[in-house]
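Subject: Structure handover and findings

Dear colleague,

I am passing on the structure we spoke about, together with an account of what was found in it. Please open it alongside this message and read the two together.

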Amino acid sequence: MLDRDQLETFATVAEQQSFERAAAVLNVTRGAVSQRIKALEESLATILLLRDKPVMPTHAGEALLRHVKALRLLEASSLRELSTGTDHDGPVPLSIAVNADSLATWFLPLLRELFARRLVALEVVTDDQDHTSSRLLRGEVVGCISTDAKAAAGFLAKPLGAMEYRCYATPGFIAEFLADGLTVRNVLRAPAVLFNRKDALHDEFLQRRFGMRVDRYPRHYLPSPSALLEGIAMGAGYGLVPSTQAQGLVQEGVLQELARDDPVKVDLYWHHWEMEPPIAREITELIVGRAEQCLIQPRQLRKVSRRRALALLPSHRPVAGLSVPSM
């Protein structure tokens with residue numbers, strides 16, 4: 001059986017990314033931390049930590065870190081179930097990874113409900129939706145929102161629905177740079193506003209629209225959903241924003257849509273442990289339930305497709321011998 005003190009010491013070093021900081025958190029000497037880690041590695045006959053700056057877990061260490069976090073959650077769930085009203089250790093620390101656009105839109109009200117339940121001491125890690133799953137594999141988080149439909153071994157990927165992005169700019173910016181529309185020539189001189197250098201959504205939008213990759217266009221990077229929207233609204237450039245986030249500014253006339261026929265829908269998935277402790281399972285259920293209410297679901301896309309098919313008919317009246325099958 002693995003020594004619990006050694007496991008907690010290892011997890012603390014991995015989380016703090018430093019032997020010195022882990023010693024301070026655990027209120028022991030740096031030497032004691034090293035001895036516990038060495039004893040644990042000898043008992044498992046494998047190296048668990050790369051002694052670099054910062055200290056990082058090896059592949060074996062990532063698996064063990066997930067094990068320690070699962071133990072913490074299982075223990076917290078058991079204490080809550082056995083509690084008779086007496087105090088115990090309080091909320092258990094838990095980390096999840098959420099893409100910034102979700103956090104700024106549909107995910108925020110969910111946090112209110114989660115905090116009200118007093119289940120966990122929550123750390124929300126933000127990253128681009130294409131890069132959150134790596135944090136789950138490293139054991140940094142117990143779940144993540146990702147665009148990857150395929151789950152790694154030992155994990156599940158639950159479809160959440162799709163976020164809709166549309167391309168916006170101010171009327172003044174359009175008059176200056178895009179008076180004759182989104183053409184390749186205009187795009188090569190009109191500044192775009194992107195989230196950060198990991199953000200591939202704009203490149204994919206242009207490639208799909210023009211049928212070729214467009215790289216050499218000027219761009220601003222504003223790594224906050226609200227700052228990105230504000231940058232577009234002040235006329236710094238044009239860009240892709242969740243339609244729900246931009247709706248108010250569109251209604252006020254501050255922003256105009258540039259490609260009404262070309263929205264971008266990004267499918268999101270909740271990646272989580274296949275064998276979840278009860279507390280983690282509750283969080284999964286909250287996230288999935290909220291997403292079903294707020295994101296575009298497949299059945300909604302089928303309805304849109306049917307409306308488009310109907311719009312292709314020469315009139316809205318039934319045409320003899322012609323019917324549109326249910327979708």
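Helices, as the word is used here, are DSSP runs of H or I with at least four residues, numbered from the N terminus. On that basis H2 is followed by Asn27, whose phi is positive, near 60°. Please keep in mind throughout that this is a predicted model.

For the chain as a whole, the secondary structure amounts to 14 helices and 11 strands, and buried residues make up 43% of its 327 residues. Among the contacts with a separation of 6 or more, 73% are between residues 24 or more positions apart. The accessible surface comes to about 17800 Å², and 52% of it belongs to carbon and sulfur atoms.

Helix H2 spans residues 19–26, and its buried residues are Phe19, Ala22 and Ala23. Seen down the axis of H2, these buried residues fall within an arc of 100°, so they line one face of the helix. An α-helix has 3.6 residues a turn, so residues three or four places apart point the same way. The buried residues of H2 pack against helix H1 (4–16), helix H3 (30–44) and strand S1 (49–50), while the face turned away from the buried side carries the exposed residues Ala24 and Val25. At the start of H2, a side-chain oxygen of Ser18 comes to within 3.2 Å of the backbone nitrogen of Glu20.

The largest pocket has a volume of about 730 Å³. Its lining consists of 35 residues, of which Glu15, Arg72, Val92, Pro93 and Leu94 lie nearest the centre. At least two lining residues are supplied by each of H1, strand S2 (56–57), helix H4 (59–82), strand S3 (92–99) and strand S4 (120–127), and the largest share, 8 residues, comes from H4.

Which residues does Ser146 touch, not counting those up to four places away in sequence? They are Gln129, Thr132, Ser133, Asp267, Leu268, Tyr269 and His271. Ser146 itself belongs to strand S5, residues 143–146, and has a relative accessible area of 1%, so it counts as buried, the cut-off being under 20%. A polar atom of the Ser146 side chain also lies 3.0 Å from the backbone nitrogen of Asp148.

Helix H11 covers residues 225–233, and within it Pro225, Leu228, Leu229, Gly231, Ile232 and Ala233 are buried. The cover over these buried residues includes helix H5 (100–104), strand S6 (155–169), strand S7 (192–194), strand S9 (239–242) and helix H12 (243–251). Just after H11, Gly235 takes a positive phi of about 90°.

Rolling a probe the size of a water molecule over the atoms shows where empty space is left. The count comes to 1 cavity of 30 Å³ or more, and about 200 Å³ of space lies in the largest cavity. Of the 19 residues that line the largest cavity, Asp101, Tyr165, Phe195, Asp199 and Leu228 are the closest to its centre. The elements giving two or more residues to this lining are H5, S7, helix H10 (201–210), H11 and S9, with S9 giving the most, 3 residues.

With best regards

Terms used. Residues are numbered from 1 along each chain as its sequence is written. This is a predicted model: local features need pLDDT of at least 70, side-chain atom pairs count only at pLDDT 80 or more; totals for chains, interfaces and linings use all residues. Side-chain values use heavy atoms; hydrogens and water are left out. Buried means under 20% relative accessible area, exposed over 50%, partly exposed in between (1.4 Å probe, protein chains only). Contact means heavy atoms within 4.5 Å. Accessible areas come from the Shrake-Rupley method with a 1.4 Å probe; for residues, only the protein chains shown count as cover. The arc is that of the directions from the helix axis to the C-beta atoms. A polar contact is a pair of N or O atoms within 3.5 Å; within protein, one must be able to donate a hydrogen and the other to accept it, and residues adjacent in sequence count only if both atoms are side-chain atoms. On a 1 Å grid over the protein atoms alone, a cavity is a set of points where a 1.4 Å probe fits but cannot get out, and a pocket is an open set with protein on both sides within 12 Å along at least five of seven lines; lining residues have an atom within 4 Å of a point. Grid points are joined across faces, edges and corners, and a volume is the space filled by probe spheres set on the points.
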